[in-house]
Amino acid sequence: MSRNKMRYIDVNWLHDLKDEPYRLVSEIGSDDFETRKLEFFPSGEVGIASDKMNSDKTILGIAEVPSIEAINSQEEFQGKIITQQEFEILWEQYASKSS
């Protein structure tokens, strides 16, 4: 899949659930499905998922990812668009520790 039609989002999930991630960073394909994802947990753990691997708590979503506007319309989410470069820096930092 060509990465030039990808979009990248960084979403804070505002909640008090200690076993759920508080930050979700995703690469989303032109079909609106996640292709790679990082999840940041309150424990300091970072979960990763792609079509080739995933960590224990993190898997790719099974539904289309809505627009950032739709995400932000929900009170518990604060998201923003990030660049491919910003995503790649995070992916390299955390995915390399998991492999």
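## Close-up views of a predicted model

View 1. Setting aside residues within four places in sequence, Glu39 is in contact (heavy atoms within 4.5 Å) with Pro21, Arg23, Leu24, Glu45, Val46, Gly47, Lys57 and Thr58. Glu39 belongs to strand β3; helices (H or I, at least four residues) and strands (E, at least two) are DSSP runs, numbered from the N terminus. Glu39 counts as buried because its relative accessibility is 8%, where buried means under 20% relative accessible area with a 1.4 Å probe and protein chains only. Its side chain meets that of Thr58 in a polar contact of 2.8 Å; such a contact is a pair of N or O atoms within 3.5 Å, and within protein one must be able to donate a hydrogen and the other to accept it, while residues adjacent in sequence count only if both atoms are side-chain atoms.

A note on the model: this is a prediction, with local features needing pLDDT of at least 70 and side-chain atom pairs counting only at pLDDT 80 or more, whereas totals for chains, interfaces and linings use all residues. Residues are numbered from 1 along each chain as its sequence is written, and side-chain values use heavy atoms, leaving out hydrogens and water.

**View 2. Pro21 in the loop between β1 and β2.** Now look at Pro21, which is buried, with a relative accessible area of 3%. Not counting residues up to four places away in sequence, Pro21 touches Trp13, His15, Glu39, Phe40 and Phe41.

**View 3. The largest nonpolar core.** A nonpolar core is a set of buried Ala, Val, Leu, Ile, Met, Phe, Trp, Tyr and Cys residues joined through side-chain atoms within 4.5 Å. The largest one has 13 residues, and Val25, Leu38, Phe40, Phe87, Trp91 and Tyr94 have the most contacts inside it. Strands β3 and β4 (46-50) and helix α2 (84-98) each supply at least two residues of this core, with α2 giving the most, 5 residues. Leaving aside neighbours within four places in sequence, Tyr94 is in contact with Leu38, Phe40, Val46 and Ile48.

View 4. In soluble globular proteins, nonpolar side chains tend to be buried together.

Technical notes:
Buried means under 20% relative accessible area, exposed over 50%, partly exposed in between (1.4 Å probe, protein chains only).
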